[in-house]
Every structure is written in C-alpha cells, then in structure tokens.
Amino acid sequence: MTLAAERLADGFAQFVVAARELERSYVALKARADAVDGELRAANASLQQALAERDAVFAALPIGVCELRADGRAVRRNVAAERLCGEARRHGVELEAAAAGEVACGAVAVLVRRVPLPDGELVLLEDRSAVQRLQREVHRLDRLAGLSELALGIAHDVKNPLNGVQGFAALLERSDDPAQMRRFAGKIVQGVKQVDDIVKSLLAFARPERLRGRAATVAAAVAEAAATVGIPEVRVQLAGDRDARVEADALVRVLANLLRNALEAAPAVKLSLQAAVAGDRLELIVEDDGPGVPAHVGGRAFEPFLSTKERGTGLGLPLCVRVLACLGGDIALLNPGEPGARFRIRMPLHADAPAGAHEAST
C-alpha cells in the first residue's frame, strides 16, 4: 500500500472514531435535554398550580386587595376590593388613591392600608362596618347590663328605709302616746332622709357635669368639705400648693365622700393632704390614719353599689370617679390592704386660674 493510501485509511479510521464519539455525545446530550425538558415541564406545572392557588386565595380573601404599579395603575383586584371600590365610587371616593386610615363611604367605613412593593404597592381594604355594628351592640348590651345592675341596687337600697318607714307609720297610726308618736315620727323622717340621700346621690352620679363652674382654692375646698362632713379643721392638715384654683363644687363633692368614709371608719380620724401642681393640673394625695381599705375590696372599690357599710349606698367612690372624669381627671386608691387609706386625686386647674396662682403658701 502506498503512503498516501495508508494516510487516507488512517484518516478515515480517525473520522469513524470521532463520528462515533460525536454520536455518543449527541445521544447523551439529547437524554439530558429530555431530562431538563421534563424538569421544566414539572416546574412549570408546579408554578401554574402555585399561581392558581395564589389566585384562589387572593380572590377568597375577606379583605380587599388591590395591586398597583408605580404609576398608580391597578393590575389586579380581588372580589372584595371590586365590591368596596364600587361602593366607594358611588359616593365619589376613590379608595385606591385614598390615604391610609379609615375612610367613610356612605354607610360603609373602610380601613385603608398601603404596603409598598418593589414596582408599586398593595392597597388593603378592610370593611369595618360589621365590626362597628358589633361594637355598638356590645356597648348597648353593656349599658343594659349596667342599667339592670343600677335598678337592682336602687331597689335594694331604697327598700330597706321604706320598710322602716312603713313599719313606723303603722305603729304611729295605732299609738296614742305623744312621746311614742314623736319617736315614731322621728324614725319616719330618718327613713325618708335616707331615701332622699340615695336619690340625691343617684342624681349626682347621673349628672356629674353640673358640679362645675365655681372656682376656689384647694384650701377653701378642703375646709368646705371638712365642714360638710363635720370634721374639725384641726384634724385635717393640708400642705403644698394650697392656693391652686380648682373647680370648687367638684372637688368639695369628691373630698366630702373621702372624708365621710374616713370618719365612718374611725370617728377620731385625722387626715393629711398634700397638693402639688404640675403644668395645668393638680395632684392631691389624701391620707387618713384609719383602718384602711381591705385588700379584697381594693380592686373593686370604685364599682357602683359595692359598700362595706351597713347603710352605705355604694355610690360615694363611683361618684368621685364620675365627677373627676367629667373634668378630665381621675382618682386612684394607692394602698389597698394597708392601714390608713391613701387616695390620689388628679384634675385640671380651673380655667380662670391666673398665672402663679398655684404658688405654695408659706
């Protein structure tokens, strides 16, 4: 064989080997391509399922969801969003452009929240109408429960003195002894006064806003409350901002209740009061040396008709709460279960209090 023929045969053999290798590579590549194609089909099916699930969840959400692009164009809304946006448009409101917060759309109140996205934002719309209806219903039921409790308390507290009045009236009718008749009449007057006190307390509890308008210094209010209750001034010590001017009738009513409770708990009670002014508000600490408020009562001390006294109406401390709340103030028991009750009263100064009127007296 010539050299040229040998080279040609050798080249052909190499070509055959390369072709077979290429064929094997092609087969392997095709198998790999088929496998990748299968993986892509599976991934695509999974993605389609995930998108379908997302769309189903998106559509079924109880709150409205609007997807906006950066230019404000809406690209997606769920059923709830379509309903709320349609209701709002009938009242001239565009919820998708509304600022975050509660928006009134006729009888519907919608809470708008905005969540930023990389290329736009989500607008979340929550229909608050049902929640508001439930809140109103709960408030109505609370009021009915309160009225029921109030009626039971009134009936209980009025029934006792009325029974006494009825009994002594019957004895008075049968008696011919002038001395006994005077005694029975006195008992009747006492019972009627008890009923009158209950009615007055209820009226003050229902309309505490009437206890405002008259200005006086803290010192004058404390003196008036002590005189109302019948505690000698020497047993009531006031320190601090004595000349701060406050709503006199309101503070006198609150202090009279606290002083009366202290006096009934300990007839020889002594009280100390510390007044301090911060800005336009007064803080008054009232402390006595009596037995204090029992621990089991302390947490409920301001509930209506709760009383540890035999003839108490249970309206004194709740009245204090109501009176102060009408002024923007409050009252708190600082030491339940400890000897010597200590209360903190906070209330605004009177509107006509001149600058510097709260300087402490020397």
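**Stop one: a hairpin**

Select strand E3 (residues 101-105) and strand E4 (residues 108-117), which pair in the antiparallel sense over five bridges; strands count as paired if DSSP finds at least two bridges between them, and helices (H or I, at least four residues) and strands (E, at least two) are DSSP runs numbered from the N terminus. This is a predicted model, in which local features need pLDDT of at least 70 and side-chain atom pairs pLDDT 80 or more, while totals for chains, interfaces and linings use all residues. Residues are numbered from 1 along each chain as its sequence is written, and side-chain values use heavy atoms, without hydrogens and water.

Now pick Val103, whose bridge partner in E4 is Val110. Two residues lie between the strands of this hairpin, where Gly106 takes a positive phi near 70°.

**Stop two: a pair of aromatic rings**

How many aromatic pairs does a search of the whole structure find? There is one, with rings counted as a pair if their centres lie within 6.5 Å, and with planes under 30 degrees apart called stacked, over 60 edge-to-face and the rest tilted. Select Phe168 and Phe184, whose ring centres are 6.0 Å apart and whose planes stand at 35°, so the pair is tilted. Because Phe168 lies in helix H3 (residues 129-174) and Phe184 in helix H4 (residues 178-206), the pair ties together parts that are 16 residues apart in sequence.
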